[in-house]
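Please brief me on this model.

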Amino acid sequence: MEVLSPYKEATDVILEAGGEPLKLCYQCGLCTGICPWNLVRSFLVRRIMHEAQLGAVDFGSEDVWTCVTCRACVQRCPRGVEIIDVMRAIRRAVAGLGIGVVPDALRISAKNIAGVGNPLGEAPEKRNDWAKDLGVKKFASGTKILYFPCCVPSYDPDVKAVSRSTATIFNKLGIDYGLIGTEAKCCGEAIRKAGHEDTFQSLAQNNINLFTSNGVKTVVVSSPHCYHTFKNEYPELGGKFEVVHITQYLASLIDEGKLKLSKKINKKVIYSDPCYLGRHNEIYDEPRKILQSIPGVELIEFPDARENGLCCGGGGGRIWMDTPKGERFSDIRVEQAVGKGADIIAIACPYCFLNYRDSVLSMGKAETMQVKDIAELVAEAIG
Amino acid sequence: MEEIRIGVYICHCGFNIAGVVNVEEVAKYAATLPSVVISREYRYMCSDPGQDLIKNDIKKLGLNRVVVASCSPRMHEPTFRKAVADGGLNPYLYEHANIREHCSWVHDDKELATKKAKDLVRAAVKRVYRHEPLVVKEAPLNPNVLVVGGGIAGMQAALDIANGQNKVYLVERDPSIGGHMIQLDRTFPTLDCSECILTPKMSDVGHHPFIELFTYSEVEEVSGSIGNFKIKVRKKARHIDESKCIGCNVCEEKCPWKTDSEFEMGLAKRKAVYIPFAQAIPHLAVVDPNLCAYIKSDGKKCGACIKVCEAQAITPETLLKQTDQIVEFDVGTIIVATGYDQFDPSVIPQYGYGKYDNVLTGLHFERMTCAAGPTGGKILLKDGREPERIALVHCVGSRDQNYHEYCSRVCCMYALKYAHLAKELSKADVYQFYIDMRCFGEGYEEFYKRCSEEGVNFIRGKVAKITDEALSDEEKGKLVVISEDTLLGKLVRVPVDMVILCSALEARSDAENVARIFNLNRRADGFFLERHVKLDPVATPTDGIFIAGCCEGPRDIPDTVAQAEATAAKALSLISKGTITTEAAVSTVDESICHGCGRCEEICAFHAPKVASKNGTLVSSINETLCKGCGACAVVCPTGAISIKHFTQDEILAEVAALTEVS
C-alpha cells in the first residue's frame, strides 16, 4: 500500500497557479474524453487534476510535458477548471524547483530563448534579416503600426514566407508600418506554458520596455501565440498596446475596401483553426472571410472546425519536443484534408505551419497538398 | 409631549456578531446617546430570556422606544415588534439595526466593524426617537383561490383546497390538464403506472363542484394584493362548441392535416383537430388554427370535420368566428405551479441530438415504453429494429456551468428506471454513464440495488462525444459513446444502438413573463424564488402568492405533491382566518399640497391611490387596504404631498444625518 504523502511546496505552487478552480474538479473525466491526445495514445487529464488536488503529481512522468494547451478541455469543463494553468504550474514546479526532468529538446530551446532571445539559437542581430531586400523601414516614433512576426517567421527559411508576404502586402497598400529593432526577443508565450516563468518575465519586460520606449501604439502579429500573450498577459505586466492579428487586420482592410483581391486562385482550400486564435481568443470568422474573398478559392471545412478544431500539436512548448510518428495530430489533420479533397491547407499560425509542413513531407503528400499561411495566399491574390 | 425613553439591546448572536464586533463596547456607547435610558448586550436577543429583557425594561423603566441591534430584520423584526407589543407598547415604536449581515459577516477588521456597529445603532436611535404609533387594521380576505398550472402540483393543491369546499379557479395553458406527469410511463421507485395513479386525480379535478377549470387558457393580468387579487384570464378559442362536443374523436379521424404530436414528443402525429391524448380532461377536441386548412383558407378549403361532427360542435361559425375570450374574477390567494421545460440537448452538438435518429431524450423514452404510446410499449429504433445496446447519459445540461450548474435531482433515478424498463421490454444491454449516483429518497437506494442486480453496466464518466464514425467493424452502423471510465482510468468507446440523454429540468422559457405577471422573483438559475429556502419554502416575497412543484426548481413527484399540499395548507390557513392584517406603514396625502396630477395612480402596482374631486379641486387619496407601503408614489409625487408612515422624510433624514456624523 502506498502512503499518500503530498509534496507540500509543489502543491502550494500548483494550487497558487491553478487557483481555486482546481479544487472544483469533480473528476467527471470529460477532459480526458475531449483531449486530442486520446486519439493517438492514452493521456488521463482527469487523473493529473486529481493528483494535483492531492499534491501527489508524478513529477518524473512524461505526462507533465504532454499537454498541448489547446483549450479543448477548458472550453467544456463543467466546473470551469483552468486545466492549462494547472499543467503550467506543474511544469513550473519541475523547472523551477528542479524536482523532475525537463525533456532535452525543451531544455535546449529554453536555453536558446534565455540566451539569445529566440528558440532557434539564431543570432539576435539577424532577427530582421528576412526583410533586408523588401525596403521595410525601422519603427520610429509616429509610425502607425509595428509589425512583429516573432521568431519562427523571422528565422525559419520556409516560414519566412509568412513575414515576407505580410511585408509585401503592406508595401503594396502603402501602409505606414515598421519593424522594431533587433533587441526584440521572443514573445515568451510558449516558454511560459512550458513552465519557465522567469524566462517569460524577462522576455516580456524586455519587449514591453522596447515597445513603450519606441512609442508603439498598435502591433500587428503573425502568430496567435504573440497575439495571446500580448493581449492577455502583457497588460498586467505593464504592456498596454492595441494588438491585432494579421487575419483581423486583413479582414478589416477588405471591409474598408482598401484590400482588393483580384487574382484567381482556383483551389480547394481547407482552413485549420489555430487553437490560440480560435478557442483561446474566439477569432473564427476573419480568417474565413479573407479566404472567401479570394477569387476562385473554394473554402471547405475540417470535420471538427472552429470551437472543435483539432490542434496541430505545437502548443504549450510541444513545438520544440519530439512527437513520435503515429502520435502527430497534424498527420491526422493532413489525412482529413486529403479526405476532403483539399489542395491547400490554409493556416494562420507559424507552429501550425511547421507541423503541417513536416506532416505533408513525412507522409509523402508534398506533391498534392500545399501548406500556406493566409498572408501568403493574400499576397498571391493581390495580383 | 411625553419624555422619550429608549432601550437599546445589542445581540451577540453567539459568535456571529460577537466574534467580530465588540458588543460590550457598542452597548456602552449606546448608553451615552441622548434619550437612551438603558443599554444592554445579550447572547441571543431572539430567545425567550432575551425578549423578556425588553418586556421587563418597558414595565420597570418606563421605556417608550426600543432598538435591537442584531441580525437582518427579515426574520426577527416581527419577533421584536411582538415583544414590544407584549410589553405594552405600540409595536411600531421599535427600530431594528442590522449589525450581522451589514457588519460582522462582511468585515474582518474588528475595530472598524465595532465602529460601524456603533454608527448603525446611533442611526437607529435617532430614527426610533421620531417613530409614531401606528394602527394595524384588518380587511376581509376573498376565500377563492387561483391555481395556475394543471400538472400534478396544481391539481393536488386545487383538490386539497376544493375538498374543504372552497372555490378554486384552475388555469391550464394546454388543452388538457395532466402536465408532464401524464406523459410519464412508470414512476420510480415503485414503478406504478403514471397514468393509473394520475387519471383518477384528473377526473376528480374535472368534475369537482368547487373547481372551475379553465384549460387552453392563460392568466394575462393580476392586480391587487393578498386577500383581493383581480385576475384576467385569456381563454383561447378552441374553435369548437364546448357545450356540444362529446369527445367522440370522429373529427380527428377524418381530418387530413397532420403534424407532430406534442404529447407524443413527435414520435407520433396528431391532426389539425385533435384530442391531445386518450385520458384528456376535459375530453374535448381543439382545433390548431395554424394547421387547419379551413381556417387558413377562410373557409374555402376542406371542412371535413364540419361534415362528420354529428354533435354539430364544429361549424363554420366555430372555426371562423370564434375568438379568444377574456374572463375576469377575484381571488384572495394564488398558487403558481407552472412546472418546467426539458432542457434541449441540441445545444450540446457533440451529443448529436437532432443529428442522429436514435439519440433521444428522457421524455421520448417515456412515451416509447408506455403501453399506450406510439410504439405500443416497444423500445424501437427509428428503422423499427430493436436495440441490442442502449446507453443512458446522465447529467445532460445539469451540473455543468456551461448550461445549468444545479443537479436536476430526478435524472439518476429515472435513468435507473429506464435501465429496468429496457431490461423488461427488450433484450438490450444497458450502459449508464454517470458522474455520481444520487439516490436519496425513500426506496431510492433500494431501487439502485435492484437495478444493479438486474445487470446494468455502470461507467463512471461524463460522456465527451457521441459519434457515428466507426473505427472498427464492431462500431459500424452504431452510435459510439466516448467517455473516460474514470474508475478504470481508460478512455472507452462503447458502440450502442440507442442513446437516451437524461436532460436537465430547466425553468420554463416564459418564466420571466410569468414572474412579471405574478410579481415573483427568480433565482439566477431562472426558477422562482421562495421566501426562505428552509423555513418558508412555498411562500414568495409577495404575500398571498405561493409556489409549488418544478417552477421552483427540479424535484420529483413525492416532493412536488408534498409542496403542493403545503401551498394548499397555506391558502386554507388564510381562508380559515378570513381576514388579513393590512400594512400600517402606508402612504398618506397632504391634501393641502396635492395637485391631483395622478402620477401616484400611474405608478402604483396595487391601485391604492385614487385622484378624485374634493371640494372642487382634484386631490389624491390612498386606499389603505390596498397600500403596501412600497413608497413608489412618494418618490414620483412632484409636490412632496405624499409621505409614507414610519418612513417619513424627518425620520430618514435623521437616520442619514446620524450615519454621516463623525463619532
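Axes are lines fitted to C-alpha atoms, for helices over the stretch in contact, and angles run from 0 to 180 degrees between N-to-C directions. Helices (H or I, at least four residues) and strands (E, at least two) are DSSP runs, numbered from the N terminus.

This is a predicted model, in which local features need pLDDT of at least 70, side-chain atom pairs count only at pLDDT 80 or more, and totals for chains, interfaces and linings use all residues. Residues are numbered from 1 along each chain as its sequence is written, chains are lettered from A and ligands numbered from 1 in the order in which they are written, and side-chain values use heavy atoms, with hydrogens and water left out.

**Confidence**

- The model has an ipTM of 0.87 and a pTM of 0.86.
- The average pLDDT (the predictor's confidence in each residue, from 0 to 100) of chain B is 96. In chain B, 100% of the residues reach at least 70.

**Helix packing in chain A**

- Helix α12 (residues 246-255) of chain A packs on helix α13 (residues 285-293) of chain A. Their axes lie 8 Å apart, at an angle of about 50°.
- α12(A) and α13(A) are therefore oblique to each other. Angles under 35 degrees count as roughly parallel, over 145 as roughly antiparallel, 65 to 115 as roughly perpendicular and the rest as oblique.
- The α12(A)–α13(A) crossing is left-handed. That term applies if the near helix is turned anticlockwise from the far one by less than a right angle; clockwise gives right-handed.
- From α12(A), the contact (heavy atoms within 4.5 Å) uses T247(A), Q248(A), L250(A), A251(A), I254(A) and D255(A). From α13(A), it uses E286(A), P287(A), K289(A), I290(A) and S293(A).
- The residues of this α12(A)–α13(A) contact comprise five nonpolar, three polar and three charged. Ala, Val, Leu, Ile, Met, Phe, Trp, Tyr, Cys and Pro count as nonpolar, Asp, Glu, Lys and Arg as charged, and the others, Gly among them, as polar.
- Helix α3 (residues 45-54) of chain A and helix α5 (residues 83-97) of chain A cross at roughly 65°. Their axes come within 11 Å.
- The crossing of α3(A) and α5(A) is left-handed.
- V45(A), I48(A), M49(A) and A52(A) of α3(A) meet I83(A), V86(A), M87(A) and I90(A) of α5(A). The residues of this contact are eight nonpolar, no polar and no charged.

**Helix packing in chain B**

- Helix α2 (residues 23-31) of chain B crosses helix α6 (residues 110-129) of chain B at roughly 35°. The axes come within 9 Å.
- The crossing of α2(B) and α6(B) is right-handed.
- α2(B) contributes E25(B), V26(B), Y29(B) and A30(B) to the contact. α6(B) contributes T114(B), A117(B), K118(B), V121(B) and R122(B).
- Five nonpolar, one polar and three charged residues make up the α2(B)–α6(B) contact.

**Contact between the chains**

- Chain B and chain A each put 18 residues into the contact.
- About 1500 Å² is buried between chain B and chain A, 46% of it on carbon and sulfur atoms. Buried area is the accessible area (1.4 Å probe) that two parts lose on being put together, summed over both.
- K462(B), E484(B) and L491(B) supply 32% of the area that chain B buries against chain A, more than any other three residues.

**Backbone details**

- The F188(B) to P189(B) peptide bond is cis, with omega near -10°. P189(B) sits in the loop between β8 (186-187) and β9 (192-193) of chain B.
- The I281(B) to P282(B) peptide bond is cis, with omega near -5°. P282(B) sits in the loop between β15 (273-274) and β16 (286-287) of chain B.
- R306(A) is not a glycine, yet has a positive phi of about 50°. R306(A) sits in the loop between β6 (298-301) and α14 (329-339) of chain A.
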